[in-house]
Amino acid sequence: MPELPEVESVRLGLLDHVLSKEIAKAETFSERVTRRSARPLNTLAGGTLKAVARRGKFLWFDIAEPTGNHSPLVAHLGMSGQFRVNCSGLAHIHASLAFTDGTRLDFIDQRTFGYLAPDVYVPTLDNAAAGVGTEMPMIPHLVSHIARDLLDPHLDPVALAVTIVSKHTSIKKVLLDQAVISGIGNIYADEALFDAGIHPLLPANSLKGLEVSRLFMSATNVLERSLDAGGTSFDSLYVSVNGESGYFERSLNAYGRTGLPCRTCGQPIEQITVGGRSTHFCPHCQRRQ
DNA sequence: GCTAGACCATG
DNA sequence: CATGGTCTAGC
């Protein structure tokens, strides 16, 4: 379940393996992997990979075509997507980019929620760089509806706070809304709310300014801590993150700890459903109201 | 504008 | 049969 920290680890790993390489051949082995794309992957042949950028959980490769035009190749890992270099014989390889230097980048995805999509650039709304890893104020069309994430230097925290407080739904749902704030998935949403001491069912529009800034701080810390951990456990042989393994090494305080004692107060962690998602919280440290 | 369903493979 | 991220369709 790659969320922002995992996707950023993948981006950093990809830099070593694909930067300034030229695509000799791009092929797909299942139609589904390019379902979000208007054109087939093999149209990328001849392009050179100039950058690997990220916003939230979305990645894109900036590709310079032989004509000099730049266009993005968008990649979303879904729940189980991985990139690997020169992997052969593994199951669930849905696509691969072969480079002129003889190396190959393979896209593997067991649950097939992920995808690759050659796309077009559109200008960013604020004319600032589109995300981490790029200076271009241009964003792939498929990513243009995704909000900036908490680790984006061009995030406007005041505007974000205003948006959050305008929502008439639970704060947990708002945290998961990628059009409001990106990069946070079910696991880090629970962790951020626990850290901030905020009940997941609290209406977003009932939060005080102080609570919103505390939540920003908590969520940012949770993402950064995880990014540090992911960076160290990252295996550079594979440009990938094993979707599940990383979480076992991380110290989770709420997610998946149903019935276990809260690490702060000892009360059992409760599990409820919010917006169809399993939600874990401490009934004492995260009081309603 | 917000919610519920669809899409998948695995345990 | 629940899970999880995102898009789509519905109210």
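Me: What makes the surface near DNA strand B count as one nonpolar, five polar and four charged residues?

Reply: Ala, Val, Leu, Ile, Met, Phe, Trp, Tyr, Cys and Pro count as nonpolar, Asp, Glu, Lys and Arg as charged, and the others, Gly among them, as polar. The residues around DNA strand B are R32, H92, Q110, R111, T112, F113, K167, H168, T169 and K173, and by class that surface has one nonpolar, five polar and four charged residues. "Near" here asks for a heavy atom of the residue within 4 Å of the strand. Keep in mind that this is a predicted model, where local features need pLDDT of at least 70, side-chain atom pairs count only at pLDDT 80 or more, and totals for chains, interfaces and linings use all residues. Side-chain values use heavy atoms, with hydrogens and water left out.

Me: How do you know that H92 makes a polar contact with a phosphate oxygen of DNA strand B?

Reply: A polar contact is a pair of N or O atoms within 3.5 Å (within protein, one must be able to donate a hydrogen and the other to accept it, and residues adjacent in sequence count only if both atoms are side-chain atoms). An N or O atom in the side chain of H92 is 3.2 Å from a phosphate oxygen of DNA strand B, so the pair qualifies.

Me: Which part of DNA strand C does the side chain of R111 contact?

Reply: A base nitrogen, at 3.4 Å from an N or O atom of the R111 side chain. H76 goes to a phosphate oxygen of DNA strand C instead, with its side-chain N or O atom 2.6 Å away. Of the DNA strand C atoms within 4 Å of the protein, 61% belong to sugar or phosphate and the rest to bases.

Me: Why is the largest pocket said to lie between two domains?

Reply: Domain 1 (4-143) and domain 2 (157-281) both give residues to its lining, so the pocket lies between them. Those domain bounds come from an automatic or database domain assignment. The lining has 24 residues, with K57, M79, G185, N186 and R277 nearest the centre. By class, the lining divides into eleven nonpolar, eight polar and five charged residues.

Notes:
Residues numbered from 1 in each chain as written. Chains lettered and ligands numbered in written order. 1 Å grid on protein atoms, 1.4 Å probe; cavity = no way out; pocket = protein on both sides within 12 Å on 5 of 7 lines; lining within 4 Å.
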